[in-house]
Amino acid sequence: MKVSVIGAGNVGATCANCIAEKDIVNEVVLLDIKEGVSEGKALDMWEAAPINFYNTRIKGVTNDYAATEGSEVVVITSGLPRKPGMSRDDLISTNAKIVKSVTENVIKHSPNAKIIIVSNPLDVMCYCAFLTAKIDSSKVFGMAGVLDTARYKSFLAEALNVSPKDIQALLLGGHGDTMVPLPRYTSVCGIPVTELIEDDKLQAIIQRTKTGGGELVKLMGTSAWYAPGAAAAQMVEAIVCNQRKVVPVCAHLNGEYGMKDLYLGVPVILGKNGIEKILEIDLDEEEMKLLKESAASVEKVLKVLDDMKMF
C-alpha cells in the first residue's frame with residue numbers, strides 16, 4: 001500500500017509524517033520540485049521511525065512522478081501559501097496552473113488513485129483537479145471540513161474546559177469566511193452545545209472558526225501546517241483502512257442540497273472507494289440561506305477559473 005504526498009512544504013511534510021506515524025501503509029512518497037528538500041525531510045522522518053515505532057518507509061524524490069506509480073491515495077498540497085493580507089481567492093491564477101500540472105502527472109502514474117486536494121483556494125482547486133483528472137468525482141475531493149471542524153471543536157473545548165475528543169460538530173460550505181458551522185448539529189457527549197454555552201460566546205467561536213486560517217497567517221506570516229497536515233492524514237487513514245468515517249469534505253455536488261456541478265463542503269462517508277456517499281442533512285431556513293451564500297461565493301471564484309480558459 002502506497003500513499004504519495006505532492007509538495008514537501010510545511011503542510012505536505014506534516015501530512016507525510018502523520019501518515020507514517022499511523023503505520024497504516026507500506027510506503028509514503030514525498031515529492032517536491034525543489035532539489036533535496038523532499039529527500040532530506042523523508043530521511044529525517046525515517047530516522048524517527050525507531051523512536052516513534054513505525055515501519056512505514058518514507059521516500060523523498062525531486063519531481064519524479066514515476067516514484068508515485070500505483071499510489072492508493074495522493075495528497076496534493078502544491079501551490080503558493082497565503083501571505084499576510086492575501087485572500088485565498090488571490091491565489092487562484094497561480095495555483096490553478098500548478099494543480100492542473102500536478103494532477104496530470106498523478107493520473108498518468110496512478111489512474112486509480114483517490115486524490116485529496118489541500119491547495120488553496122480549496123473549493124476551486126478541487127474543481128480544477130476534477131476537470132483535469134477526468135475520473136469519477138467520488139475520487140477527487142478536498143480537505144477543508146476536517147480542518148475547519150477541528151478548529152471549531154478546539155475553540156469550543158477551550159471555552160467549555162472539556163476534552164476536544166468529546167465534541168461532535170458539523171460544518172458545511174466553502175473553505176473560507178463563508179463556511180457554515182452548525183450549532184444545531186454540535187454536541188458534547190450528546191449534550192447540545194447550546195445548553196452548555198451562552199449564545200454570544202458561541203457566535204464569537206463561530207466567527208473565529210470562519211477566520212481561523214487568517215488568524216494564523218497574521219500570527220506567523222504564512223499558512224498553518226500542523227492541523228491541515230493532520231487533517232489530510234486523517235482522511236488518508238479513513239480511505240486506506242476503509243473506516244467509512246463520516247467527515248465533512250469538499251465534494252462535487254450533483255443535485256445534493258439543490259446544487260449542481262459545484263464543489264462544496266458537505267458531510268460524506270469516506271472509505272476505500274473515496275466518497276462512498278454524500279449525506280444530505282435537514283437544514284432549517286437560516287442554515288440553507290447561509291449555505292447558498294457560501295455556494296455563491298465559491299461560484300464567484302470559480303468564474304475566475306473559467307475565465308482563465310484552461311479547460
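1. Which elements each supply at least two residues of the lining of the largest pocket? They are helix 1 (10-22), strand 2 (27-32), helix 2 (37-52), helix 3 (92-109), helix 5 and helix 7 (212-220). Helices (H or I, at least four residues) and strands (E, at least two) are DSSP runs, numbered from the N terminus.

2. Basis of the note. This is a predicted model, in which local features need pLDDT of at least 70 and side-chain atom pairs count only at pLDDT 80 or more, while totals for chains, interfaces and linings use all residues. Residues are numbered from 1 along each chain as its sequence is written, and side-chain values use heavy atoms, with hydrogens and water left out.

3. Overall build. The protein chain has nine helices and 14 strands. Its radius of gyration is 19 Å, close to the 19 Å that the globule rule gives for 311 residues, so the chain is as compact as a globular protein of that length. The radius is taken over C-alpha atoms, and the globule rule is 2.2 Å times the number of residues to the power 0.38. Along the principal axes, the C-alpha atoms fill a box of roughly 50 × 50 × 40 Å.

4. Largest pocket. The space in it is about 920 Å³. A pocket is an open set of points on a 1 Å grid over the protein atoms alone, with protein on both sides within 12 Å along at least five of seven lines; a cavity is a set where a 1.4 Å probe fits but cannot get out; lining residues have an atom within 4 Å of a point. Grid points are joined across faces, edges and corners, and a volume is the space filled by probe spheres set on the points. The lining holds 41 residues, with T77, S78, G79, L80 and P81 nearest the centre. Helix 3 gives the largest share, five residues. By class, the lining has 18 nonpolar, 17 polar and six charged residues. Ala, Val, Leu, Ile, Met, Phe, Trp, Tyr, Cys and Pro count as nonpolar, Asp, Glu, Lys and Arg as charged, and the others, Gly among them, as polar.

5. Second largest pocket. About 410 Å³ of space lies here. Of its 19 lining residues, T149, K153, Q234, V247 and P248 lie nearest the centre. Helix 5 gives the most, with five residues. Helix 8 (226-240) and strand 12 (245-254) each supply at least two. The class count is 14 nonpolar, three polar and two charged.

6. Cavity. The structure holds one cavity of 30 Å³ or more. Its lining includes A144, G145, D148, H175 and P248. Helix 5 (145-160), strand 8 (171-172) and strand 13 (260-271) are the elements giving two or more residues to this lining. Five lining residues are nonpolar, five polar and one charged.

7. Helix packing. Helix 5 and helix 6 (residues 199-210) pack at an angle of about 145 degrees, with their axes 9 Å apart. Axes are lines fitted to C-alpha atoms over the stretch in contact, and angles run from 0 to 180 degrees between N-to-C directions. In helix 5, the contact residues (heavy atoms within 4.5 Å) include D148, Y152 and F155, and in helix 6 they include L202, I205 and R208. Seven residues of this contact are nonpolar, one is polar and three are charged.

8. Backbone checks. Most residues other than glycine have a negative phi, and most peptide bonds are trans. The peptide bond from N120 to P121 is cis, with omega near -5 degrees. P121 is in the loop between strand 5 (114-117) and helix 4 (122-133). F53 is not a glycine, yet has a positive phi of about 55 degrees. F53 is in the loop between helix 2 and strand 3 (57-62).
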